[in-house]
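Open the model in your viewer and keep the selection tool ready. We will go stop by stop.

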Amino acid sequence: MGPLYKLGWFDFAYGLQMAGLIGFLFGFVLERAGFGNVRKLTANFYLRDFAVFKVMFTAIIVCMLGLLYFSVFGWIDLGLVYLLPTYIWPQIVGGLVLGIGFIMGGYCPTTSIVATVSGKLDGLVFIGGMIIGSFIFAEIFPLLEKFYSAGDMGAIRLTDVLNLNSGIIALLVCLMAVGAYWFVEKVENKFGDRDTLPGGSKRMKRSAAAILILLGLILALINPDRIAANRPSPQAQTRERMEEIQKPSPKAEKPSSSKFEIVEDEGC
Amino acid sequence: MNQRFANPYVIGTLLGLVMLFSFYTMGRGVGSSATFARVATAGIDLMAPEHTKANAYFSKYLSGSRSPLMAWLVFLSMGAALGGLFSAFIANRIKGEVARGPSIGVSARLWLALGGGILSGFAARLARGCTSGQALTGAAELAFGSWIFMFSIFAGAYATAYFFRKEWL
């Protein structure tokens, strides 16, 4: 049962090593997609190449389906996963400004790291800009404090807002994705350079779309929220089992001379 | 000769699995923007430690004697730098240059990169995360604000893309 860290399988120092590993994979796949290349990134906003959109949306869907299926199989307790709280106004304004920063600077925060290590000086300058931007934010924070917590809606999910269970939402997201992929491919075939756009047979795309919708449909039928709610306190069970596992494991007993804690900025 | 970029659907799937792995092991998703805020905090803390302690926002990144850089996302960003470097190296894509469109000069491009970075750094703090920490991670958990944030990013970029077309096209 996960999440392993929250259930005490390893301490913060080990978590930092895990962060290095996860980060490595993260940076690796972004560079594979060409996200160290600024013109590939910005082509998304000139309707020429929707790689940014496709990667983001596909990652969200795969992870969303994974989390819900893991929850159905009892492999993860979604209640222990950190859920980003909603502060609607700063999120809307922050999103708009981040979008302008993206098209002006050419990168978003993580892709600028990938660009910098690929030798792009503009990527390094963008990173410098972000450090300055964070500094400015902190300096004028007293003025922004009120707006920073405006529209506080708590840690709510789409399920709460739309009043539907996670399974139905997952199906809707899958349907929306298939429609959006079809649409952006039409658009990029019209405006983009067909030679540089990635291939992929029609048959493969259709099968992938069918699998996606099927996975969503299954979730919509079984209602993962109900299954998770009906499970008899999984946390207590695993905690007992975990104690048994933890004892002989040397990794869980890492020396923790200075006490580490997760600080509050869990999401960002 | 440079290699072709990978198919975005394949990459998206792999990225989704990396995020899932992160959720399963750590109970949280990926991210990076707080790294830059922590670097700013550490830098100011070095020069004027009283200032960071007195500042309501900087002080959030200070905890006792531990450096503000001893944090999850800082390690994740360092990993991302190594992973990106490795991928760029094996694809023969490492090349020192200022990446830009054909109709803009080097200094103009660098100034715009600086301006874009400042806006992004500021906006990511305001929204409590960036494209990865807030949009990807939150949307996968179906967090309401993260979906709104993601659409806002695309709206902001599409709405202003016209004004920056000389930089890229």
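## Stop one: two helices meet

Select α4 of chain A and α7 of chain B. Residues of α4(A), including A:I88, A:Q91, A:G95, A:L98 and A:I103, meet residues of α7(B), among them B:G145, B:F149, B:S152 and B:T160. Contact means C-beta atoms, placed from the backbone, within 7 Å. Helices are DSSP runs (H or I, at least four residues), numbered from the N terminus. By class, this contact has 14 nonpolar, eight polar and no charged residues. Here Ala, Val, Leu, Ile, Met, Phe, Trp, Tyr, Cys and Pro count as nonpolar, Asp, Glu, Lys and Arg as charged, and the others, Gly among them, as polar.

This is a predicted model: local features need pLDDT of at least 70, side-chain atom pairs count only at pLDDT 80 or more, and totals for chains, interfaces and linings use all residues. Residues are numbered from 1 along each chain as its sequence is written, while chains are lettered from A and ligands numbered from 1 in the order in which they are written.

## Stop two: the whole interface

Now show both chains. Here 119 residues of chain A are in contact with 116 of chain B. The chain A side divides into 76 nonpolar, 31 polar and 12 charged residues.

## Stop three: one residue

Select A:I61. Leaving out residues up to four places away in sequence, A:I61 touches A:V173, A:C174, A:A177, A:L212 and B:G16.

## Last stop: the end of a helix

Select residues 12-32 of chain A, which form helix α1. Just after α1(A), find A:G34, with a positive phi of about 90°.

Definitions and conventions. The expected span of a helix is 1.5 Å times one less than its number of residues.
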